[in-house]
Amino acid sequence: MISVDYLAVIEQGTRDFAELLERSDQEALVPSCPGWTLRNLAEHLGEVHQWAAHAIVAGNPGCEPDGGSGRRGV
């Protein structure tokens, strides 16, 4: 049986994306997300990663972590 440390996967993905953001134009358009800038995508992905980390730690994917904006879409 394969065991996956999901929290470590999220943390690594977050670090990788943060490195990309540091060297990118935040106002660049994202072709696969019409109308979104890289900044919009970063905010959305940050919220998704926060939710996923909370779901893993709390074991409850049905609730939002404290401090969540509750936004749906940008």
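Me: What does contact mean here, and what share of contacts in the protein between residues at least 6 apart in sequence join residues at least 24 apart?

Reply: Contact means heavy atoms within 4.5 Å. Among contacts between residues at least 6 apart in sequence, 33% join residues at least 24 apart. The structure is a predicted model, in which local features need pLDDT of at least 70 and side-chain atom pairs count only at pLDDT 80 or more, while totals for chains, interfaces and linings use all residues. Residues are numbered from 1 along each chain as its sequence is written, and side-chain values use heavy atoms, with hydrogens and water left out.

Me: How many helices and strands does the protein have?

Reply: Helices (H or I, at least four residues) and strands (E, at least two) are DSSP runs, numbered from the N terminus. In this protein there are 2 helices and 0 strands. Helix α1 covers residues 6-22, and α2 covers 38-58.

Me: How do I read the span of a helix?

Reply: The expected span is 1.5 Å times one less than the number of residues. Helix α1, with 17 residues, reaches 25 Å from its first C-alpha to its last, close to the expected 24 Å. For α2, with 21 residues, the reach is 30 Å, close to the 30 Å expected. Just after α2, Gly59 takes a positive phi of about 70 degrees.

Me: Which residues of α1 are buried?

Reply: Buried means under 20% relative accessible area, exposed over 50%, and partly exposed in between (1.4 Å probe, protein chains only). Of the 74 residues of the protein, 19% count as buried. In α1 the buried residues are Ile10, Phe17 and Leu21. Seen down the axis of α1, its buried residues fall within an arc of 45 degrees, so they line one face of the helix. That arc is taken from the directions from the helix axis to the C-beta atoms.

Me: What covers the buried residues of α1?

Reply: The cover includes α2. In turn, the buried residues of α2 pack against α1. In α2, Leu38, Asn40, Ala42, His49, Ala52, Ala53 and Ala55 are buried.

Me: Which residues does Leu7 touch, not counting residues up to four places away in sequence?

Reply: Leu7 lies in helix α1, and it touches Ala53, Ile56 and Val57. Leu7 and Ala55 are 48 residues apart in sequence but 9.8 Å apart in space, C-alpha to C-alpha. Leu7 counts as partly exposed because its relative accessibility is 25%.

Me: Where is Leu41, and what is it in contact with?

Reply: Leu41 is found in helix α2. Leaving aside neighbours within four places in sequence, Leu41 is in contact with Phe17, Val30, Cys33 and Trp36. Leu41 and Gln26 are 15 residues apart in sequence, and their C-alpha atoms are 9.4 Å apart in space.

Me: Is Thr37 buried or exposed?

Reply: Thr37 counts as buried because its relative accessibility is 13%. It is found in the loop between α1 and α2. Leaving aside neighbours within four places in sequence, Thr37 is in contact with Gln26, Glu27, Ala28, Leu29 and Val30. Ala28 also lies in the loop between α1 and α2 and is partly exposed, with a relative accessible area of 29%. Beyond its neighbours within four places in sequence, Ala28 is in contact with Trp36, Thr37 and Leu38.

Me: How many salt bridges does a search of the whole structure find?

Reply: Side chains of opposite charge can pair when their charged atoms come close. A salt bridge is a side-chain nitrogen of Lys or Arg within 4 Å of a carboxyl oxygen of Asp or Glu. The search finds 1 salt bridge. Arg39 forms a salt bridge with Glu27, the closest N and O atoms being 2.9 Å apart. Arg39 lies in helix α2 and Glu27 in the loop between α1 and α2, so the pair ties together parts that are 12 residues apart in sequence. Arg39 is partly exposed at 38% relative accessible area, and Glu27 is partly exposed at 46%.

Me: Which residues make the nonpolar surface patch?

Reply: Patches are made of residues with over 30% relative accessible area and no salt bridge; like charges are joined within 9 Å, and nonpolar side chains (Val, Leu, Ile, Met, Phe, Trp, Tyr) within 5 Å. Here Ile2, Val4, Tyr6, Val9, Ile56 and Val57 make a nonpolar patch of about 640 Å². The elements that give two or more residues to the patch are α1 and α2. Ile2 lies in the segment before α1 and counts as exposed, at 76% relative accessibility. Accessible areas come from the Shrake-Rupley method with a 1.4 Å probe; for residues, only the protein chains shown count as cover.
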